[in-house]
Amino acid sequence: MNRVRLALALAVAVSLSVPATAGAGDVRLNQIQVVGSHNSYHVAPAPGVLALIAGVSPKQAAGLAYSHRPLAEQFSKLGIRQIELDVFADPDGGRFATPKAWATLKALGKDAGPDPDPTGALRKPGMKVLHVPDVDYRTTAPTLVDALRQVRDWSKGHPNHVPLFVLVELKDHKGVGFDRPALDALDAEIRSVFGPAEMITPDDVRGGFVSLPSALQARGWPTLDAARGKVMFALDNEDAVRDRYLDGHTALAGRVMFVSVAEGHPAAGWMKVNDVFRDFDRIQHLVKRGFLVRTRADADTAEARANDPTRRDKALASGAQFVSTDYAEPDPALSTYQVRLPGGVVARPNPVSGPSDPSAGPDLENPAR
């Protein structure tokens with residue numbers, strides 16, 4: 001009799017831990033797809049500055065002529081669930097407070113556009129968020145802490161949201177970049193805004209396993225329901241900065257951000273694969289193996305100017321979990337081009353790795369929809 005009870009108990013335990021179907025509550029992070037924004041803080045240069053840029057490179061000026069809504073509006077109005085922040089170190093403060101293009105136009109008595117530092121935030125020490133110093137500097141989040149607080153505040157007000165994925169690109173400027181102390185300071189700035197319970201870190205995913213790939217193979221990503229209301233961070237850089245970030249942190253132990261590395265690396269969990277035409281098959285391979293992937297639907301305003309959805313449609317079909325765009329809504333001055341998921345949902349079952357069970361539903365942000 002005891003053996004029968006034990007067998008029944010084991011059968012129940014197995015049925016609870018390994019569901020036969022993947023309903024809405026069993027969907028994992030790698031089984032969804034969302035739309036992200038590229039250079040999510042970006043505001044197009046003022047007309048006078050844009051004219052200066054066009055005098056040197058009309059193509060570059062055209063590529064910078066896009067703007068994004070403030071982060072909270074992107075989340076609420078456009079359903080964006082992945083953002084990108086370009087970050088510069090500014091340990092002494094003031095490095096980016098007076099951009100050259102702005103100062104030049106002011107000196108010539110021309111309209112330079114709004115004051116780039118109306119509150120004085122750029123004069124204080126701390127990491128800054130902008131695209132290109134001196135020429136393409138307008139931003140809805142002048143400091144990293146400001147950007148993170150915007151994300152946190154929206155997240156706290158919407159605790160059921162699909163996890164937000166924050167891509168961070170670290171940039172050097174005139175010899176000031178990201179050495180080991182600066183990288184540690186970056187993690188510290190993120191942790192100053194988000195507590196452990198508010199993030200999904202490499203340690204959370206890896207658990208007691210020796211590497212991220214072994215953890216993903218054995219137990220997979222967290223379920224979507226367990227991850228709702230949280231934020232993930234990833235390092236965009238794939239150069240010496242990334243290697244310094246990994247140095248002394250085997251498999252990203254103790255680090256905040258995921259990194260883009262080869263799939264056999266102990267820290268492999270997320271990959272940046274931006275060229276969907278060249279790497280379509282590679283993206284699908286990575287997604288099928290359980291990795292997270294970010295790709296781009298458009299670049300440098302080209303697709304919007306041509307009203308060409310080819311790259312967008314290929315990116316969505318690739319299965320990349322994060323499809324990044326500058327046009328979550330169309331720019332009527334250019335065309336009707338935009339990037340949204342079918343039906344306007346915020347998150348959908350992934351077309352490559354998503355659950356086969358239709359009970360998961362078409363809208364994973366709002367499963368009851």
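The second largest pocket of this predicted model has a volume of about 210 Å³. A pocket is an open set of points on a 1 Å grid over the protein atoms alone, with protein on both sides within 12 Å along at least five of seven lines; a volume is the space filled by probe spheres set on the points, which are joined across faces, edges and corners. Of the 19 residues lining the second largest pocket (those with an atom within 4 Å of a point), Ser67, His68, Asp326, Tyr327 and Glu329 are the closest to its centre. By class, this lining holds nine nonpolar, six polar and four charged residues; Ala, Val, Leu, Ile, Met, Phe, Trp, Tyr, Cys and Pro count as nonpolar, Asp, Glu, Lys and Arg as charged, and the others, Gly among them, as polar. Strand E1 (32–37) and helix H4 (71–78) each supply at least two residues of the lining. Helices (H or I, at least four residues) and strands (E, at least two) are DSSP runs numbered from the N terminus.

In E1, six of six residues are buried, that is, under 20% relative accessible area with a 1.4 Å probe, protein chains only. Ile32, Val34 and Gly36 point one way from E1, and Gln33, Val35 and Ser37 point the other way. E1 pairs with strand E10 (residues 322–325) in the parallel sense over four bridges, and Val323 is the bridge partner of Val35. With strand E11 (residues 347–349), E1 pairs in the antiparallel sense over three bridges; there Val34 stands opposite Ala347. Two strands pair if DSSP finds at least two bridges between them.

The largest pocket has a volume of about 260 Å³. Among its 16 lining residues, Asp115, Pro116, Asp117, Pro118 and Thr139 are the closest to its centre. Its lining comprises eleven nonpolar, two polar and three charged residues.

Three cavities of 30 Å³ or more were counted, a cavity being a set of grid points where a 1.4 Å probe fits but cannot get out. The largest cavity holds about 70 Å³ of space. Its lining consists of Leu29, Ile32, Pro163, Leu164, Phe165, Met232, Leu292 and Phe322, with eight nonpolar, no polar and no charged residues.

The protein averages a pLDDT (the predictor's confidence in each residue, from 0 to 100) of 92, and 92% of the residues score at least 70. Over residues 1–23 the pLDDT is below 50.

Residues are numbered from 1 along each chain as its sequence is written, and side-chain values use heavy atoms, with hydrogens and water left out. Local features need pLDDT of at least 70 and side-chain atom pairs count only at pLDDT 80 or more, whereas totals for chains, interfaces and linings use all residues.

Terms used. Contact means heavy atoms within 4.5 Å. Buried means under 20% relative accessible area, exposed over 50%, partly exposed in between (1.4 Å probe, protein chains only).
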